[in-house]
Amino acid sequence: MKFNHICITDQTGQIFNLSMSASGPASTFRHIDEMGRISPQVLKKLDETIKKAKTTPNQVMFSQAFHDDHGKPVLYLVKADLDGSLAFGELETNYIVDIGNKISFGKQGHAAIVDHTGSILAHPNAKWRAEIKDISSIKPVALMMNNQTGVTTFFSPSIKEEMIAGYTTLPKVGWGIMIPQPVSELNERASNVRIAVLIIALLGIVVAALVSWWFARYLSLPMLAVVKAAEDVSAGKLNARIPSFHNFVLREASDLVHSFNSMVHELEKVERRLKTSEERFREFASTASDWLWEIDIDGRIVWESASKKSGYRGRKFTDIQGMTREELAGDLMLDEEWIPYRAALLEHREIKDFDYKYRNSEGKVFHARINGIPLFDAHGAYIGHRGSASDITKRKNIEVALEKAKDDAEKANQSKSEFLANMSHDLRTPLNAIIGFSDIMRRKTFGDLGHSKYDEYACDIHNSGTLLISLINDILDLSKIEAQKYELSDEPVDLASLIKMSFRQLHLMADAADQQLIMEIPEAFPQLRGDKRAIIQILNNLISNAIKYTSESGKILVSTRLNKENSIILSVKDTGLGMSEIELEQALKAFEQTNRMHPRRYEGSGLGLYLCICFMKLFEGTLEVESEVGIGTTITLTFPSNRTLIENKILECNNS
């Protein structure tokens, strides 16, 4: 330690005991006037320190650093006795600077020591040391001035870079010690925790060295303990602690031990959180994807996780390293399929669910889905993308197989529909001949047949042929509709006439079950624009179904009305068995029948109601079914208003 002088003065400032670092009379020594007293200029600078010393006798006070007559930074140690005398010690800061210069790590890591006002005592920047620069506005220095200890980041005006620093203060003395290092250097190292531990270890050594220059004989034991604990922490033992010292140490040393233990405890908690976070990330990454990847600014693969494995990716990482995904895919994908991927790389955007395919070393095609985010360096420049990937080869193969099966089924169904539609004439012609000739025989157009049994046979032939052509008509009409070959004719249709025609065709079936067929149509009801054959087929299907599922002495009501939009509404209501929700769902399907309590007196294809639904879709109308078990069923057809033919004179109809 380089003390320029140590002196004791009386109450007037007269020196009566002087120890100098160089020979020569007191009058020639700096800061001492010709009367043997400390100069007023120095006393003025020490005024605040002297006042503090007098308020706490026998306690050593440190002054703020200032320049002596030769422009060198110095500071004073002042101690007041009870008799009013004062002891002064002038100390150059070179010793503190030497200690700070010995502490360095990395490329730009260093130590900085400031006095209680935030002015520099030791710093690598010689200009700042020479002018005793005030850096109290820098974040860690401001925190030290508030007697805080910890780790923080800040922007260094000295090297123009973001830094991280461990910092602490010496109680009573008020000095601050911080160990800053550029964040960029920390990022280059493998473990942030070990660097932080090294900072703490160096901080403990610096604190020990700074305090030992004045209190060496009291701090030797705590400093050795700090060094030992720092070595343990550097070796990865974050549970290392400095034991408490109850005797033969100053309070400052005890505070240092406490601060060191607190910082190591915080670092231990940080390391635990980091380990937990890393484990959590690895678990999430392994469950969310098959592998991780990274590409450079040119889109070339520079890293993949589990790079020594192959199988689910089809290729080893060493085989594809340095390749772009387009090079990996080769000619498997069209140019336009790469547009989203290229745009994400060019515009530095997120890659979201991009699928691509590639071949393995044996030529087998694999499919992958990738997600990724852009990467930027400390200056904001784009350096590539990083993300996750999943092997979707099995999923894609299943999708292709399903699509092919769907196409095959649709082609088969189309072929069936076209075949049946084309067979319409070939099936109907012989059946019409059977029905016609049996009708001639039944009516005895050319005389008696000669035996009563022939009459019975002729009726059976006619009825069977009629049923068969009805079934074939239903199947052929459905096939035409499915093949989109059924074309509706638009002509004026009188619904009353068609309902009566249907009643005539079905009266034998209704009479056999003692059922009433009732028609309710308002007078002067408008005509419907539609296909007469389709409408009579709808009526026959709905009324015959009502007859089949209505018990004897039942009623079947067919009615029409207009709604507020002038749409024609046709209803078929019976007092039959009714249907449950399950039976109704079954009845609305093709080739399905509800067999509950149905005596099967009449055969059918199960197409009647479904065919009516198909016809109403062609009319762009709707078919609704309301049914209740034991009460009956009501089927309501609603035709669009543009199919209602209203003459010049608006007719008064039931609009309810």
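A residue counts as buried when its relative accessible area is under 20%. Val78, with 0% relative accessibility, is therefore buried. This tour of a predicted model begins at that residue.

**Stop 1: Val78 and its surroundings**

Select Val78, which belongs to strand S5, residues 73-80. Val60 and Val78 are separated by 18 residues in sequence, yet their C-alpha atoms are 5.6 Å apart in space. Which other residues is Val78 in contact with, leaving aside neighbours within four places in sequence? Besides Val60, the list consists of Thr49, Ile50, Ala53, Gln59, Met61, Ala87 and Phe88.

Now move to Thr49, in helix H2, which covers residues 47-55. Is Thr49 buried or exposed? Its relative accessible area is 8%, so Thr49 is buried. When residues up to four places away in sequence are not counted, Thr49 touches Met61, Phe62, Ser63, Gln64 and Val78.

**Stop 2: the whole chain**

Zoom out to display the entire chain. Its secondary structure comprises 18 helices and 26 strands. The chain has 656 residues, of which 42% count as buried. Among contacts between residues at least 6 apart in sequence, 57% join residues at least 24 apart.

**Stop 3: a sheet of five strands**

Select strands S14 to S18. In what order do the five strands stand in the open sheet? The order is S15-S14-S18-S17-S16, with antiparallel pairing. Strand S15 (301-304) and strand S16 (351-359) are the edges; each has a single partner strand, so one side of each has no neighbour in the sheet. From one strand to the next, the twist averages 30°.

Focus next on S16 and strand S17 (residues 365-376), which are joined by seven bridges in the antiparallel sense. Within this pair, select Tyr356 and look across to Ala368 in S17, which stands opposite.

**Stop 4: confidence along the chain**

Colour the chain by pLDDT. The mean for the chain is 77, and 72% of the residues reach 70 or more. Helix H11, residues 339-346, has the highest mean pLDDT among the elements, at 95, while helix H7, residues 192-234, has the lowest, at 60. Select residues 307-312, where pLDDT stays under 50; the model gives this stretch 14 contacts beyond four places in sequence. Residues 596-603 also have pLDDT below 50, with 18 contacts in the model beyond near neighbours in sequence. Where pLDDT is low, the predicted coordinates should not be read in detail.

**Stop 5**

How many disulfides does the chain have? A disulfide requires a pair of cysteine sulfur atoms within 2.5 Å, and by this rule the count is zero. Cys612 is in no disulfide, and the nearest cysteine sulfur to its own belongs to Cys614. Cys612 counts as buried because its relative accessibility is 0%. Cys614, at 11% relative accessibility, likewise counts as buried.

Terms used: Residues are numbered from 1 along each chain as its sequence is written. This is a predicted model: local features need pLDDT of at least 70, side-chain atom pairs count only at pLDDT 80 or more; totals for chains, interfaces and linings use all residues. Side-chain values use heavy atoms; hydrogens and water are left out. Buried means under 20% relative accessible area, exposed over 50%, partly exposed in between (1.4 Å probe, protein chains only). pLDDT is the predictor's confidence in each residue, from 0 to 100. Helices (H or I, at least four residues) and strands (E, at least two) are DSSP runs, numbered from the N terminus. Contact means heavy atoms within 4.5 Å. Two strands pair if DSSP finds at least two bridges between them. Axes are lines fitted to C-alpha atoms, for helices over the stretch in contact, and angles run from 0 to 180 degrees between N-to-C directions.
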